[in-house]
Amino acid sequence: MAAAIKKIIPMLDRILIQRAEALTKTKGGIVLPEKSVGKVLEGTVIAVGPGTRNTTTGSHIPIGVKEGDRVLLPEFGGTKVQLDSDDKKELFLFRESDILAKLE
């Protein structure tokens with residue numbers, strides 16, 4: 001069943017994000033243990049839903065980010081999504097209102 005999933009398309013105001021990986025080595029070449037590495041609060045937008053619906057007109061309200069944007073994420077939250085058991089990438093689904101900022 002998991003092999004049949006090719007692409008995730010978020011619904012409504014949800015955004016699929018891949019968190020940036022934490023640096024495990026300093027500029028000087030020192031390898032850091034996992035416990036000392038902080039949680040990364042930055043990510044890249046992979047896919048975006050069409051937006052929430054306007055209750056009066058029924059049209060979609062567009063989302064403020066697009067695929068490829070870098071965003072600032074909250075420390076906690078999001079729904080973890082894993083496409084394949086072999087795949088090491090961890091993807092997260094966030095609502096648009098959960099995104100703290102867009103990075104440039």
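## An aromatic pair

Searching the whole structure, a predicted model, turns up one aromatic pair (Phe, Tyr or Trp rings, the last by its six-membered ring, with centres within 6.5 Å; planes under 30 degrees apart are stacked, over 60 edge-to-face, the rest tilted). F92 and F94 have ring centres 6.4 Å apart and planes at 40°, so this pair is tilted. Both F92 and F94 are buried (under 20% relative accessible area; exposed is over 50%, partly exposed in between, with a 1.4 Å probe and protein chains only).

F92 also has a charged neighbour: the charged end of R19 sits over its ring, 5.0 Å from the centre (NZ of Lys or CZ of Arg within 6 Å of the ring centre and within 35 degrees of the ring normal).

## Salt bridges

The structure holds four salt bridges (a side-chain nitrogen of Lys or Arg within 4 Å of a carboxyl oxygen of Asp or Glu). In one of them, R95 meets D13, with the closest N and O atoms 3.0 Å apart. R95 lies in strand β7 and D13 in the segment before β1, so the pair ties together parts 82 residues apart in sequence. D13 is buried at 9% relative accessible area, while R95 is partly exposed at 37%.

K66, D69 and K102 are linked in a network of salt bridges. The closest N and O atoms are 3.4 Å apart for K66 and D69, and 3.5 Å for D69 and K102.

## About the model

Residues are numbered from 1 along each chain as its sequence is written, and side-chain values use heavy atoms, leaving out hydrogens and water. In this predicted model, local features need pLDDT of at least 70 and side-chain atom pairs count only at pLDDT 80 or more, while totals for chains, interfaces and linings use all residues.

Conventions. Helix = DSSP H or I, 4+ residues; strand = E, 2+ residues; numbered from the N terminus.
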